[in-house]
Amino acid sequence: GDGRDGSPAAAARVSVRASGRGRGREHEPRPFLEELDFAEWLYQPHTLSGLVLSIGFVAYLAFSPPAPGAPRGEGVRRGLAGVAFVFLMYCALQLRDTSLRRPHPVVWRIFQGMAILYLLAVTFVLMQTPDEARQLLRVLDPALGVIPEENFKSYASDCRIYASDKADPWENIRDSLDAFVIAHALGWVCKALIVRDWALIWVWSLSWELLEISLQHVLPNFKECWYDHWLLDVLGCNLAGAALGMALCKYFEGASYNWTGMQSTDGVRGKAMRVIQQFTPFSWTTYEWRVFSSPMRLAQVIFALLLMNGAELTCFYMKFNLWIKPSHPIVVTRLLLLGFFMMPTFREYYDYMMTIEEEEDARKGNKRTSTWVGLRRRRMGPNCWLGIAIVVVEALIVIKFWRLDPGQYNALAKYNPEAAARPNVPAPRTVARCWAVAIAAFLVWSAAFFGTGGASPRKPRTRAGALALDALLALSAAPLLLLYALDFCDTFAL
């Protein structure tokens with residue numbers, strides 16, 4: 001849940017307790033977030049205990065004999081595990097708290113430490129050649145280093161809803177309803193909790209499907225049937241997950257928050273409910289994105305959408321480049337890590353964005369129009385910095401590996417001849433032209449929209465001016481709708 005929100009009441013809730021207990025001791029304030037009267041032993045420093053535990057774990061890894069028949073490189077794997085454990089223990093005990101405080105600030109410090117480790121790992125991979133990177137991964141799993149056929153699978157080889165010539169006429173639909181459907185829906189629950197706005201959710205959902213259509217000539221997994229795109233994704237998992245997530249946002253927005261501690265709670269039932277409440281938000285902030293309030297805000301929201309889509313897109317490219325199958329624990333762990341880590345990342349990004357707007361309004365002498373009350377951030381928060389850096393470094397890996405090893409993108413014919421025999425529709429040239437026209441038209445519309453006063457013009461626009469703006473906006477959307485239509489016609493005929 002949200003932690004410090006900058007209000008006087010919230011500041012009073014941040015407990016800065018004394019490290020010494022009892023009378024006659026000098027008290028030194030602790031700079032960590034702490035819940036008043038909730039299981040105080042959980043908020044003690046525990047630095048010495050953590051040091052002993054770290055040394056004990058490292059000693060166990062160093063002196064315990066390897067298991068019989070252990071694969072080559074066991075010492076390297078143990079060394080990496082020891083380094084990761086010691087580093088995460090240090091992060092849990094010594095890093096600053098994030099904006100989130102439940103279920104416990106140490107949880108989010110550990111996620112921040114895992115993000116640092118992951119950023120260091122992908123930076124190291126960036127310095128390797130494609131073959132060197134694939135061989136390095138064999139240290140973690142000796143089974144890696146071989147191209148998995150799953151990465152070249154096309155999901156649009158047969159797009160009939162009812163195939164009467166098959167033993168199971170509904171086989172095509174059943175193949176689309178696998179375990180990833182539940183994970184997909186749960187992912188959109190988390191995304192809704194991150195952005196907390198229906199309009200951005202719809203833009204995120206539609207833009208992702210558009211990216212799949214635009215890049216299916218590069219990644220075979222992006223080639224899907226029309227009902228996969230529209231019925232199972234946009235109107236299925238995406239909508240269901242987003243609806244549940246926004247319902248939770250609505251509930252948290254109107255909920256009454258009780259910060260009573262364990263010691264002040266009576267009865268076993270009351271204490272059990274208090275423990276459950278520890279896994280709910282400490283407080284809640286409704287986001288006001290106000291996309292078209294200024295050119296700066298529009299650019300900030302577009303950057304946020306690029307970051308969100310980029311985090312998902314690089315996952316597909318990374319597993320394709322490094323020869324990792326979609327269900328491998330490395331891919332699953334990466335998705336879970338970034339999924340949870342994006343929560344503090346976007347909270348810090350939103351606070352940073354709102355701080356910039358508030359200072360700009362104060363400089364211009366404008367009356368404040370936002371109801372935001374949050375943590376003022378004159379600089380980008382550490383989690384936001386890490387999240388952006390991870391996505392950018394992964395994108396650099398994709399670009400570098402594509403330049404050094406372009407042949408793997410032409411290997412589709414070897415692994416899926418049926419799909420390779422079909423022309424990719426829409427063709428790459430059509431994709432490039434549609435995106436170019438859409439971006440150019442949107443830039444012209446943005447200049448005209450904000451040049452004439454933006455969302456709150458001083459003088460009402462003429463009817464002709466309003467129609468011209470609407471026409472420019474429609475022109476920017478038309479090429480992208482064309483891509484949707486071309487893909488729909490292509491797969492509907494299969």
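Biologist: How many aromatic pairs does the count come to by this rule?

Modeller: The count is 23 aromatic pairs. The rule takes rings of Phe, Tyr and Trp (its six-membered ring) and pairs them if their centres lie within 6.5 Å; planes under 30 degrees apart count as stacked, over 60 as edge-to-face and the rest as tilted. Please keep in mind that this is a predicted model: local features need pLDDT of at least 70, side-chain atom pairs count only at pLDDT 80 or more, and totals for chains, interfaces and linings use all residues. Residues are numbered from 1 along each chain as its sequence is written, and side-chain values use heavy atoms, with hydrogens and water left out.

Biologist: What makes Phe449 and Phe450 an edge-to-face pair?

Modeller: Their ring centres are 5.1 Å apart, and the angle between the planes is 80°. That distance is within 6.5 Å and that angle is over 60, so the pair is edge-to-face. Phe449 and Phe450 also belong to one aromatic cluster with Phe292, Phe442 and Trp445.

Biologist: Why is Arg334 called buried?

Modeller: Its relative accessible area is 8%, which is under 20%, so Arg334 counts as buried. Arg334 is found in helix α12; helices are DSSP runs (H or I, at least four residues), strands are runs of E of at least two, and both are numbered from the N terminus. Leaving aside neighbours within four places in sequence, Arg334 is in contact (heavy atoms within 4.5 Å) with Tyr118, Ala311, Thr314, Cys315 and Glu394.

Biologist: How do you know that the charged end of Arg196 sits over the ring of Trp284?

Modeller: The rule asks for NZ of Lys or CZ of Arg within 6 Å of the ring centre and within 35 degrees of the ring normal. The charged end of Arg196 is 3.8 Å from the centre of the Trp284 ring and is listed as sitting over that ring. Arg196 lies in the loop between α7 (179-195) and α8 (198-214), and at 11% relative accessibility it counts as buried. Its phi is positive, about 60°, although Arg196 is not a glycine.

Biologist: What about Trp323: is it buried or exposed?

Modeller: Trp323 has a relative accessible area of 17%, so it is buried. It sits in the loop between α11 (295-321) and α12 (329-364), and its phi is near 60°, a positive value in a residue other than glycine. Trp323 and Val146 are 177 residues apart in sequence and 6.3 Å apart in space, C-alpha to C-alpha.

Terms used: Buried means under 20% relative accessible area, exposed over 50%, partly exposed in between (1.4 Å probe, protein chains only).
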